[in-house]
Amino acid sequence: MITDKICKTIHQYNAEPLPREDMQKLLEIAEDYGRIKNYVYQRYGGIKGLPKLYPGYTIQNEMTKSGLRMELGLPSVYFYLAVFDALGDIKTQWSHTKKRVMDAVKENPRFTARDRHYLRFAVKVSGCFEAILNGKEPAIPEAMQPQYESIIKDVDVENLNRYLCRQVRKKISALHTDKADGFAVSQKAYRYGSNGEKHGIFFSTKEKRKRIFVPLTDKNQYEKQLYIKLRPEDGGVEICVPMEIKVRMHKDYQNEIGLSIGIWQMFTTESGHVYGTDFGELHKELTEFISAGRRTYSREKENNPGRKKYRKQKERLTAKLETYVNQEINRMLKEEKPGVVYIPKLPQTFLRKGSCWKGCGKINYSNTIWKRGYIRERLELKCQENHIRLVYVPGKDISRECSNCGSIGVYEKGRYRCLCCGYEEDRKVNAAKNAFKRGKDENGLQAAQEKSAENLSGCGEMS
């Protein structure tokens with residue numbers, strides 16, 4: 001969906017390493033922040049806590065009465081943010097659990113259409129789901145009572161409720177965090193200012209009227225809820241600021257393009273334009289460095305001098321690669337001027353059973369750390385910033401299908417050749433053309449598969 005404004009995270013960094021004493025005070029806040037989250041997870045993350053999640057003020061009041069804040073000596077500006085942060089995680093967990101339960105319902109062949117209809121109703125109607133899990137009679141709103149009576153007709157409600165409870169117990173998992181490297185902070189707990197000639201930000205601590213000063217690399221000031229990430233190994237602090245920015249409108253961005261993504265060449269369009277030609281070399285450099293570092297660490301684990309130098313170099317190589325990705329995406333959008341971009345939806349993993357890469361550890365490892373997630377994330381963000389519609393198309397067989405006739409072909413030295421019509425093209429250009437066609441086709445992959453089957457049948461008859 002294209003909107004007038006989008007949310008973007010701005011980052012601020014410390015200008016110099018934080019003193020160990022100050023870092024320890026911030027780490028204490030982060031540790032207490034994690035303890036509060038785990039307390040909320042344990043107390044309200046189960047079935048009995050479900051009725052209290054919405055709107056959440058009941059839990060806030062109970063946490064106030066629990067005495068945990070006084071026990072930890074944590075300021076309220078951190079305490080309640082930790083509580084609501086944990087509640088957000090619990091709500092997300094329940095959303096995922098409901099989805100997994102409904103997936104199990106769809107795959108169960110024993111259920112009739114009426115059974116599935118009842119289970120969907122039970123999961124989605126407010127108050128019904130919580131009541132069933134806690135063994136209570138569902139309190140159906142009066143306006144929905146006739147619909148409910150119609151749904152439960154001719155179904156075994158008791159048996160279906162038991163099934164729902166079993167599936168929830170199987171699908172849900174206990175939440176817990178061992179991280180103590182960050183925390184959220186409200187406006188009342190910080191202020192921007194100067195300490196001598198240095199500009200930075202002051203944070204409240206567990207000590208009354210004591211603040212920690214963190215010098216920053218820029219002089220920007222924000223009035224937002226912040227999230228603070230700590231790197232105690234090098235005294236680093238990263239401040240994450242959520243911001244709403246206005247979308248840029250370009251009257252000349254009217255083209256429609258299809259893209260294919262690769263490891264060596266980042267983007268290839270259906271017209272044959274290539275962007276990110278150095279991506280493969282930069283990615284290879286990062287991959288080989290990480291692989292060599294892991295081998296060295298494993299070989300000298302007992303007498304290892306430390307990983308500080310390794311982490312610094314890894315950060316530099318990663319930043320170099322990410323900067324290049326952003327530059328090439330900007331260049332592509334500026335030159336192609338797209339109003340719509342069609343791109344194949346990438347697979348979750350390359351380690352598929354029967355894959356030609358199965359058993360090749362070097363290739364599998366390289367693909368594991370391939371920055372495809374970062375590329376997709378940055379492309380999505382930059383399309384949103386420039387009012388460009390990004391459309392994901394089905395990616396199945398998109399590089400093997402002939403963009404000319406729709407049948408299945410083969411690769412020969414980076415070229416694609418169709419076995420049916422004899423069409424030849426660069427394999428990436430062929431994939432980009434298929435992305436463009438599938439994006440324009442309302443029926444997507446289904447139409448492409450039907451056409452492919454017809455063409456293959458025709459080729460068989462000709463042979």
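## Two nonpolar cores

A nonpolar core is a set of buried Ala, Val, Leu, Ile, Met, Phe, Trp, Tyr and Cys residues joined through side-chain atoms within 4.5 Å. With that in hand, let's look at this predicted model. Its largest nonpolar core brings together 70 residues, and the ones with the most contacts inside it are Ile36, Phe183 and Phe203. The element that gives the most to this core is helix 4, spanning residues 76-107, with 14 residues.

## Around Phe203

Which residues is Phe203 in contact with, once its neighbours within four places in sequence are left aside? The list includes Leu26 and Tyr78, then Val185, Ala189 and Tyr190. Further along the chain, Phe203 also touches Lys210, Arg211, Ile212 and Val214, as well as Ile228 and Ile239.

## Two residues with positive phi

Where does Arg209 lie? Arg209 sits in the loop that links strand 4 (198-204) to strand 5 (211-215). Its phi is near 60°, a positive value in a residue other than glycine. Arg209 has a relative accessible area of 87%, so it counts as exposed, the cut-off being over 50%.

His387 is not a glycine either, yet its phi is positive, at about 60°. This residue belongs to the loop between helix 12 (372-385) and strand 12 (389-393). Is His387 buried, partly exposed or exposed? Its relative accessibility is 31%, and therefore His387 is classed as partly exposed.

How values were computed: Residues numbered from 1 in each chain as written. Predicted model: local features only at pLDDT ≥ 70, side-chain atom pairs only at ≥ 80, totals over all residues. Heavy atoms only, no water. Buried < 20%, exposed > 50% of the residue type's maximum accessible area, 1.4 Å probe, protein only. Helix = DSSP H or I, 4+ residues; strand = E, 2+ residues; numbered from the N terminus. Contact = heavy atoms within 4.5 Å.
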